[in-house]
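Please read it with the structure open.

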Amino acid sequence: MYEKEKKLAKSYIDGKVSRRSMLRGMASMGVTASTAGVLVNAAATQALAQNGFDWKKYSGTTVKLLLNQHPYADAMIANLDNFKELTGMDVEYDIFPEDVYFDKVTAALSSGSSEYDAFMTGAYMTWTYGPAGWIDDLNEYIGDDSKTNPDYNWEDMLEGVRKSCAWNGQPGGALGSDDAKQWCIPWGYEQNNLTYNSRMFNEAGLTVPTNIDELASTAAEAKAKLNGVYGIGVRGSRSWATIHPGFLSAYANFGQKDLNVSDDGMLSAAMNTDVSRNMHEKWVKMIQDSGAPDWSTHTWYQAGTDLGAGKSAMIFDADILGYFMNGGDNAEAGNLSFAPFAANPEAKAPTPNIWIWSLAMANASKQKDATWYFLQWASGPEHALFGATEMDFVNPVRKSVWADAGFRSRLDKNYPGYVEMHDISAPGAQIYFTAQPLFFDLTTEWAATLQKMVANEVPVDEGLDQLAQSVDRQLKEAGLG
Amino acid sequence: MATSTTGDPSRRKFTINKKYLPYLLSLPALLTCIGILIPFFTAVAYSLQRYRLSQPWAQKYNWGENYINFMTDPSFWNTLKVSMTYAFVTVGVELLLGLGIALLLQKRTRFNNFVSIMLLMPLMTAPALASLMWKLMTNPGFGVLSYFAETIGIEDMRWASDPSTAMLTVVIVDVWVYTPFIMILLLAGLRSLPRQPFEAAELDAVPRLFVFWRITLPMLTPFLLTATLFRVIESIQQFDIIYAMTQGGPGDTLTVFQVEAYLNFFQSTNVGRSAALLMILWAITYFLSNIFIKNWLRLREKARGGA
């Protein structure tokens, strides 16, 4: 059964037929596009098994994962049987919703428990986990030919993303430096750009903004012209997560930094410059004039669902948030469009600060080599392509997937402007924060200060001076400033 | 443990040396205490350390430095102020409302019994769920309470999103959840009061307000103190309602002790500061509990005819 179909899938993997011919051939045999995808993935896994690498070395071993409830985890689970077949290994996992996920990770890692071998994480979290000795430097696996299959192709990972997951552990140390440790492997990532409701934009005669002044005026116009709709969705809760998406992407676009690093490695606050004040003033006024009325409680969830429900005209947030809101049962599904965004009118290109869902290995794991087998498969090119073309594994972190014609045409068809947005902003996409262990303290306080500014509890310049003073005090207390 | 045997070896009787009996009997209590005391003393030790999980190499005893730093840290004083305000406002309102409802339901009728059971419903709701429910009801865009506010002329009410109304909003949620607790406690107290003084007052046609101030309230005071003690201790340790609704914001409007300690530990991994904050919270709770218990004991003695 399916022998002919499998052969066709293998021919496609071997590069003997194009994707179009393969899909046409499958269709003539009565195979749907989604089944064809499954067959192609199975053929890719078989091809992987034939690359001379001993995939069965840890057959019979079970690795246990700690996962966040996320489409990336769903894509991995959907493809897990292929991994089991390839390696003879078993995989167990616990999945937690994001609200409690990182508390669970912190508890599991800090206790030194060996229950979980690997887990999902963000790159920022590794700035705590790495120095604490809770996770392994994965360079020693990536660079070891006896442990890593020859088709893994580490260089295929987008450079900015790959480097953003590597840090030398020195406060203020550059991400991706030569001495950096690879604390985690990028899995999927989010750029921060504009997602706008094209139906509303057409209705109100709006044009897509290209800088922060236009963003503020377009948001104000949208609010004025569209009944019951607010102009711009950005995050506002009292959390580090308010700072890292649109806000820091805009901030970095003006060439601003969060911290200064002196020659002797000491850190100091850098957010109270004139340029920063100017940018903060515009940001705060934009929220006051056209943001959500309950902005100060908005997380990614509210920003996204309001866009999907037609309550906001646009968001400056994670591109994949717009991606997911453009489908499913959302009221505005099919009406959303995407655009790259550079806040600074003088900037040549966008500088999206990125969030990277990554995979890390617990240092307490008792079966690290077997765990690495899972990690290299889950972050390998075959699974990335499967996830991107058959599931909702966007944004992929591999160049090869972004070059895949099938993936690009699927995105182009259903998500207008998405591919173009990605291509324009990807070169500038990276983490723009200074890597240091007080990341969460300082960004949470930054978010609280923004809330005070928006609520007119403190003027912008005074608020920034107070923030800088507090940041410097905390850095000093921690021996970093 | 020592054991002794007497009589026929085939019918040995298991006895315990009287000397060790008190220790054996208190063993369960001791084990329970150990379960509480070990984490407590660990927390005390952490509070005297500079200890961040992200900087394990810098872990060392700094003795009272965490506490001394609080003295000059405006965010600590804000936390203290917010926690005390929250605790006293919520408990004050809940006491007044709870007492009022209990007085209305004092008479044993079917209707009153039914209403008192119905009024307990909020207490059955987990505070975190109640907060999510209220978060939806107070949503400025579609919340039913925002709609009502608008119909009575309060435009653009932002509830927990605005620093000027955030405290009010979380107090309302707390009052909704916990007033039934005070109500049921005071209702039980009212119904257990001896009838004679009230009957005597009725015969003498004493005004109801006078009866309330001079008979009901003094006799109800032990119940009021008990309810206040429980609620103050719980309220000063509030976490779920505030965190679920605002995460301590906007700005620092609602950064109570537990929220601040939680963020310090789980987000900043600053174990030392988090433990020191909780130690101060423990000291405040201990101090307040002592005051209430002493007063409660004094009133009990008085009721028994003591000095």
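**Notes on the model**

1. Domain spacing in chain A. The C-alpha centres of domain 1 and domain 3 of chain A lie 44 Å apart. This is a predicted model. The assignment for chain A gives domain 1 as 3-46, domain 2 as 53-189 + 356-403, and domain 3 as 192-353 + 432-477.

2. Overall form of chain A. Chain A holds 23 helices and twelve strands. Its radius of gyration is 23 Å, close to the 23 Å from the globule rule for 481 residues, so chain A is as compact as a globular protein of that length. Along the principal axes, its C-alpha atoms fill a box of roughly 70 × 55 × 35 Å. Buried residues make up 55% of the 481. Of the contacts in chain A with a separation of 6 or more, 75% are between residues 24 or more positions apart.

3. Overall form of chain B. Chain B has 14 helices and four strands. Here the radius of gyration is 26 Å, well over the 19 Å that the globule rule gives for 307 residues, so chain B is more spread out than a compact globule. The C-alpha box is roughly 85 × 70 × 40 Å along the principal axes. Of the 307 residues, 34% count as buried. Among contacts in chain B between residues at least 6 apart in sequence, 65% join residues at least 24 apart.

4. The contact between the chains. Chain B puts 28 residues into the contact, and chain A puts in 28 residues. On the side of chain B, the largest share is three residues, from helix α13 (residues 257-267). By class, that side has nine nonpolar, 14 polar and five charged residues.

5. The nonpolar core. The largest nonpolar core has 191 residues. Those with the most contacts inside it are A118(A), F119(A), L359(A), A360(A), F374(A) and L186(B). Helix α9 (residues 163-192) of chain B gives the most to this core, eleven residues. From chain A, domain 2 and domain 3 each supply at least three residues.

6. L186(B) in detail. Which residues does L186(B) touch, leaving aside its neighbours within four places in sequence? The contacts are G98(B), L99(B), A102(B), L220(B), F223(B), L224(B) and A227(B).

7. Helix α14 of chain B. This helix covers residues 271-303, 33 residues in all. From first C-alpha to last it reaches 47 Å, close to the 48 Å expected at 1.5 Å a residue. Its buried residues are V271(B), G272(B), R273(B), S274(B), A275(B), A276(B), L277(B), L278(B), I280(B) and L281(B). Their cover includes α2 (27-47), β3 (49-50), α3 (65-71), α11 (208-236) and α13 of chain B.

8. Two exposed sites in chain B. K107(B) sits in the loop between α4 (74-104) and α5 (110-118). T42(B) belongs to helix α2. T42(B) is also exposed, with 11 other C-beta atoms within 10 Å. T42(B) and R214(B) are 172 residues apart in sequence and 49 Å apart in space, C-alpha to C-alpha.

9. Cis peptide bonds. Most peptide bonds are trans. A cis bond joins V394(A) and N395(A), with omega about -5°. N395(A) lies in the loop between α18 (381-390) and α19 (399-403) of chain A. Another cis bond joins G249(B) and P250(B), with omega about -10°. P250(B) lies in the loop between α12 (240-246) and α13 of chain B.

10. Positive phi. D156(B) is not a glycine, yet its phi is positive, about 55°. It lies in the loop between α8 (144-151) and α9 of chain B. T269(B), also a residue other than glycine, has phi near 50°. T269(B) is found in the loop between α13 and α14 of chain B. Buried or exposed: which is D156(B), and which is T269(B)? D156(B) counts as exposed, with 10 C-beta neighbours inside 10 Å. T269(B) is buried, because 23 other C-beta atoms lie within 10 Å and 20 or more are needed.

Technical notes. Residues numbered from 1 in each chain as written. Chains lettered and ligands numbered in written order. Predicted model: local features only at pLDDT ≥ 70, side-chain atom pairs only at ≥ 80, totals over all residues. Contact = placed C-beta atoms within 7 Å. Nonpolar A, V, L, I, M, F, W, Y, C, P; charged D, E, K, R; others polar. Core = buried A, V, L, I, M, F, W, Y, C linked by C-beta atoms within 7 Å. Buried ≥ 20, exposed ≤ 12 C-beta atoms within 10 Å, placed from the backbone. Domains from an automatic or database assignment. Rg over C-alpha atoms; globule rule 2.2 N^0.38 Å. Expected span 1.5 Å × (residues − 1).
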